[in-house]
Amino acid sequence: MSERLAILGGEQACPTGTVQPWPPIDDIDREMVMASLEQDIHTFGPNCQEFEKEFAEWSGNKYAITTNSGTASLHMCVAACDCGPGDEVIVPAYSWSSSVTCVLHHNAIPVFVDLDFDTINIDVDKIEEAITPRTKAIIAVHLHGLAVNMDKVLEVARRHNVKVIEDACQAHGATFNGKKVGTMGDCAAFSLNQNKCLCSGEGGFFVTDDEDMNFRARQLWSFGETRTPAESRDYHAYALGWMYRNNDLTAAFGRAQLTKLDGYLAQQKENAARLTECLQEIAYLIPPTEPEGHEHTWYNYTTRFDMEALGHADDAADFRDKLVKAFKAEGVETGVWQSYILPRMTVFQAKNGYGFGCPWSCPHAAEVDYSPEQYPVAEKHANTHTGMTVPLRAPNRPDVAEKTAAGFRKVMENLDQLEEVDWASVE
Ligand SMILES: *Cc1c(COP(=O)(O)O)cnc(C)c1O
């Protein structure tokens with residue numbers, strides 16, 4: 001097939017305007033947000049209290065605390081697991097930055113473990129060798145909507161008596177052996193940021209079944225106080241506290257979206273199944289996997305390119321960026337999620353979080369090595385992937401997946417045309 005690529009002025013395979021924006025807004029959102037606006041409490045109000053009950057029920061946890069971000073919730077997890085100066089916390093070498101910086105927030109030391117290429121999650125078989133007598137917790141990040149194999153994580157964790165934190169910020173509703181993420185570890189964090197499958201603009205949840213962890217997290221969440229804003233407060237800081245509370249308007253929006261979440265996730269799975277079907281047999285593409293026992297939510301549908309077969313093993317990231325530009329010109333809303341593996345980020349290479357080398361220079365801490373060469377799988381993933389979110393989301397339907405796939409196929413079947421592109425003139 002020879003069609004002119006859109007990057008060279010040809011017609012778009014997925015015309016701009018095909019993909020509907022996320023999240024869909026309807027009368028339920030409008031009514032609940034307006035009702036919150038019309039009542040008297042705009043801080044931690046009745047919508048926050050109801051949202052906590054509803055999310056605890058939806059996620060399958062005894063306790064849920066509504067926060068102003070996933071990052072705040074992760075920090076609460078780290079504190080709830082009693083991680084502090086000198087303690088080490090195991091984290092995957094590839095994720096969102098705050099999956100790891102949350103450890104620094106509480107003065108503990110992140111220790112990275114490489115990825116498993118197929119699942120794009122932490123390599124569960126490499127966790128044990130990263131454990132030291134200082135290891136206090138493991139952060140299992142359920143990346144892109146696919147749960148980590150929690151049987152393996154929990155087995156190692158129990159044997160070494162370390163806690164397990166789930167970063168479920170990208171994985172609302174994902175399951176492993178029928179269990180929802182956020183119910184398998186000791187505590188978990190969810191994000192309600194714009195891009196997440198449950199969106200309230202910004203926001204998050206800390207969840208746990210453990211009463212003591214809930215207490216510690218709630219104390220850190222609101223100024224170090226021990227009474228919740230719903231009770232009569234004594235305004236006394238019993239411990240070091242932050243201000244991580246949610247507000248009523250945002251909670252009202254989140255509650256409205258929560259009523260639609262299961263429907264959105266079902267649509268997303270239908271769209272992803274169609275996309276996977278349509279991407280079969282396109283040369284050089286490595287579509288994502290959904291291993292036995294895992295139910296993927298397709299938060300981010302991530303494909304890798306076989307750069308060896310393409311003859312671009314040595315300039316993989318550069319060639320990938322060109323492919324992404326060609327897809328975007330076709331109207332395909334795909335991108336590069338994170339081009340840096342975490343240990344490469346300056347905060348780890350410079351080992352300077354709080355200044356003067358803290359927390360790594362803390363007398364309680366042992367030396368850790370962040371040379372990026374230790375994480376070749378994460379590096380390969382970072383250099384060869386492209387991912388998309390909105391084309392798979394409701395209200396988009398499988399016809400959008402079909403057009404998206406048509407854009408992928410068109411570019412991959414006309415790679416010779418890329419040689420004609422004047423890359424300097426392409427944004
Ligand atoms: C988005 C995200 C976070 C942070 O959530 P915020 O609400 O943006 O603070 C943490 N971890 C992962 C894996 C995420 O995708």
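## Reading pockets, a cavity and strand pairs

Modeller: This is a predicted model. Start with a strand pair. Strand β12 (residues 301–305) runs antiparallel to β13, and four bridges join the two.

Biologist: What is the general idea behind strand pairing?

Modeller: Strands of a sheet pair through backbone hydrogen bonds, in parallel or antiparallel fashion. Now look at one position here. Tyrosine 301 stands opposite methionine 388 in β13.

Biologist: Which strands form the open sheet, and in what order?

Modeller: The order is β7-β6-β11, with antiparallel pairing. β7 (179–180) and β11 (294–295) are the edge strands, each pairing on one side only. Two bridges join β6 (residues 175–176) to β11. Within that pair, phenylalanine 176 stands opposite histidine 294.

Biologist: Now to empty space. How is it found?

Modeller: A probe the size of a water molecule is rolled over the atoms, and this shows where empty space is left. In this model the largest pocket holds about 490 Å³ of space. It has 30 lining residues, and those closest to its centre are Trp96, Asn195, Lys196, Tyr299 and Trp337.

Biologist: Which elements each supply at least two residues of that lining?

Modeller: They are α3 (70–80), α4 (98–105) and β13 (385–388). Helix α3 gives the largest share, three residues. Note that β13 is also the partner of β12.

Biologist: How do the lining residues of the largest pocket divide by class?

Modeller: Eleven are nonpolar, 15 are polar and four are charged.

Biologist: Why does the largest pocket lie between domain 1 and domain 2?

Modeller: Look at who supplies the lining. Domain 1 (6–23 + 261–338 + 380–425) and domain 2 (27–260) both give residues to it, so the largest pocket lies between them.

Biologist: Take helix α3 again. Is serine 73 buried or exposed?

Modeller: Serine 73 sits in helix α3. Its relative accessibility is 0%, so serine 73 counts as buried. The cut-off for buried is under 20%. The serine 73 side chain reaches the backbone oxygen of serine 69 at 2.8 Å.

Biologist: How far apart are glutamine 338 and tryptophan 96, in sequence and in space?

Modeller: They are 242 residues apart in sequence. In space they are 7.6 Å apart, C-alpha to C-alpha. Glutamine 338 is found in the loop between α10 (316–329) and α11 (346–349). Glutamine 338 has a relative accessible area of 9%, so it is buried. Trp96 is among the residues closest to the centre of the largest pocket.

Biologist: What lines the second largest pocket?

Modeller: The lining includes Val111, Phe112, Val113, Asp114, Lys126 and Glu129, and also Val368, Asp369 and Tyr370. By class it has seven nonpolar, one polar and four charged residues. The space in this pocket is about 240 Å³.

Biologist: How many cavities of 30 Å³ or more are there?

Modeller: The count is one. The largest cavity has a volume of about 80 Å³. Among its lining residues are Asp118, His144, Pro288, His296, Asn300, Thr302 and Arg304. Four of the lining residues are nonpolar, six polar and two charged.

Key: Residues are numbered from 1 along each chain as its sequence is written. This is a predicted model: local features need pLDDT of at least 70, side-chain atom pairs count only at pLDDT 80 or more; totals for chains, interfaces and linings use all residues. Side-chain values use heavy atoms; hydrogens and water are left out. On a 1 Å grid over the protein atoms alone, a cavity is a set of points where a 1.4 Å probe fits but cannot get out, and a pocket is an open set with protein on both sides within 12 Å along at least five of seven lines; lining residues have an atom within 4 Å of a point. Grid points are joined across faces, edges and corners, and a volume is the space filled by probe spheres set on the points. Ala, Val, Leu, Ile, Met, Phe, Trp, Tyr, Cys and Pro count as nonpolar, Asp, Glu, Lys and Arg as charged, and the others, Gly among them, as polar. Domain bounds come from an automatic or database domain assignment. Two strands pair if DSSP finds at least two bridges between them. Buried means under 20% relative accessible area, exposed over 50%, partly exposed in between (1.4 Å probe, protein chains only). A polar contact is a pair of N or O atoms within 3.5 Å; within protein, one must be able to donate a hydrogen and the other to accept it, and residues adjacent in sequence count only if both atoms are side-chain atoms.
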